[in-house]
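I opened this entry to keep track of what I look up in one protein model.

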Amino acid sequence: MKLNRLGSAAAVLSVAALALTACGSDNPTGAAGASASGETPAANAAVSGTLTGIGASSQKSAMEAWIAGFKAENPQANVQYSPDGSGAGRKAFLAGGAQFAGSDAYLKPEEAEEAKQVCGPDGAFNVPAYVSPIAVAFNLDGVDELNLDAGTIAKIFKKEITTWNDEAIAKQNPEATLPDTAITVVHRNDESGTTENFVEYLKAAAGDVWTYEVSGDWPSDIQSENAKGTSGVVSTTGSTDGAITYADFSAVGDLSTVNVKVGDEYTKISAEAAAKALETATPVEGAAKNDLALDLERDTTEAGTYPIVLLSYHIFCTTYKDQATVDLVKAFGTYAVSAEGQKTASDSAGNAPLSASMEEKAAAAIDSITVAK
């Protein structure tokens, strides 16, 4: 039984910034235009110019909503976002090819160090922008949903359970009529933050089965069907009877989904259940000032919590080379994490809005962006 996606986008928040000309540089700290006065723009002034982002495909629907909402208030502004995957987004950002990155995984320590080359001595920082459950989604004729525990999910994706009527699945679903159809595992073939979040759950909740290290790349010795990006794995699964994959819940469409066992109960996938997972998250140890990267408790036993959560970030430089770029980055970044921006995304993509306290922290972090000296 599938959950309904939410409806149309909400009204958007006005943002403060200064007009600038389109940005043609491949340097994330650069912009073609500049402030005439060099001062921070007055409140309610619209912005213009072009902002470039690359990254997580999971954010695609939310990003489309953010861009539309932002442009409604800033008709002369353009935000270009290419959903090439989290790994591709971080690489492009660190190479100077984008002014921000969307990523389902926060910057690794070595990436944070590398960011100083394009962002200045204080580097870059991660801001939570998009929270959504990762669905364990499948295509099995006549079966709308299944209950599965972490160990069974891990064995399926490790290809140790190979048919849908396997005893491990059947005993958790006594009322389901399960065929002997072969299970086809479908995974991402690009470096993916969704993959990293999914296998992090498997490692934490079923470490005796899933013995691989956590990585954004799928284990090379598990040979199975694969596709690029969220849309790729969803499409492949949808066209293959007996297939199973993992993907952002907002993108799974008509695929059936798994209820995941947490403690003694099975939790149905929902934005609300995913949001509960952030309540037990902890700040990443050693994170820089204004960095809001979080570590999630994947093996929680708290009832009603959906543990396979994708926490996706926007990654910004701490400094950009001129006030015009700073104003445009701050304007769009602030809109995306605002209450109105989060509602706009949620109405479009079905993700869980950030909490009020996280919205406040994210806005403060973005507001700390300055011009490089």
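This is a predicted model: local features need pLDDT of at least 70, side-chain atom pairs count only at pLDDT 80 or more; totals for chains, interfaces and linings use all residues.

**Whole chain.** I looked up the secondary structure and found 12 helices and 15 strands in the protein chain. The chain has 373 residues, and buried ones make up 55% of them. Next I checked contacts with a separation of 6 or more; residues 24 or more positions apart account for 77% of these. The chain exposes about 15,000 Å², and carbon and sulfur atoms supply 47% of that area.

**Largest pocket.** I read off a volume of about 520 Å³ for the largest pocket. Its lining is made up of 29 residues, and nearest the centre lie Y106, L107, K108, V284 and A293. Sorted by class, the lining of the largest pocket has 14 nonpolar, 11 charged and four polar residues.

**Second largest pocket.** For this one I noted a volume of about 290 Å³. I counted 15 lining residues, with L278, L294, S355, S357 and M358 nearest the centre of the pocket. Helix 12 (residues 356-367) gives the largest share of this lining, three residues. By class, the lining of the second largest pocket divides into 10 nonpolar, three charged and two polar residues.

**R298.** Where does R298 lie? I found R298 in the loop between strand 12 and strand 13. Is R298 buried or exposed? The relative accessible area of R298 is 3%, so I put it down as buried, the cut-off for buried being under 20%.

I then looked at what surrounds R298. Leaving aside neighbours within four places in sequence, R298 is in contact with N197, E200, Y201, A204, A205, P307, I308 and V309. For V309 I have a distance as well: a polar atom of the R298 side chain lies 2.7 Å from the backbone oxygen of V309.

Methods: Residues are numbered from 1 along each chain as its sequence is written. Side-chain values use heavy atoms; hydrogens and water are left out. On a 1 Å grid over the protein atoms alone, a cavity is a set of points where a 1.4 Å probe fits but cannot get out, and a pocket is an open set with protein on both sides within 12 Å along at least five of seven lines; lining residues have an atom within 4 Å of a point. Grid points are joined across faces, edges and corners, and a volume is the space filled by probe spheres set on the points. Ala, Val, Leu, Ile, Met, Phe, Trp, Tyr, Cys and Pro count as nonpolar, Asp, Glu, Lys and Arg as charged, and the others, Gly among them, as polar. Helices (H or I, at least four residues) and strands (E, at least two) are DSSP runs, numbered from the N terminus. Buried means under 20% relative accessible area, exposed over 50%, partly exposed in between (1.4 Å probe, protein chains only). A polar contact is a pair of N or O atoms within 3.5 Å; within protein, one must be able to donate a hydrogen and the other to accept it, and residues adjacent in sequence count only if both atoms are side-chain atoms. Contact means heavy atoms within 4.5 Å. Accessible areas come from the Shrake-Rupley method with a 1.4 Å probe; for residues, only the protein chains shown count as cover.
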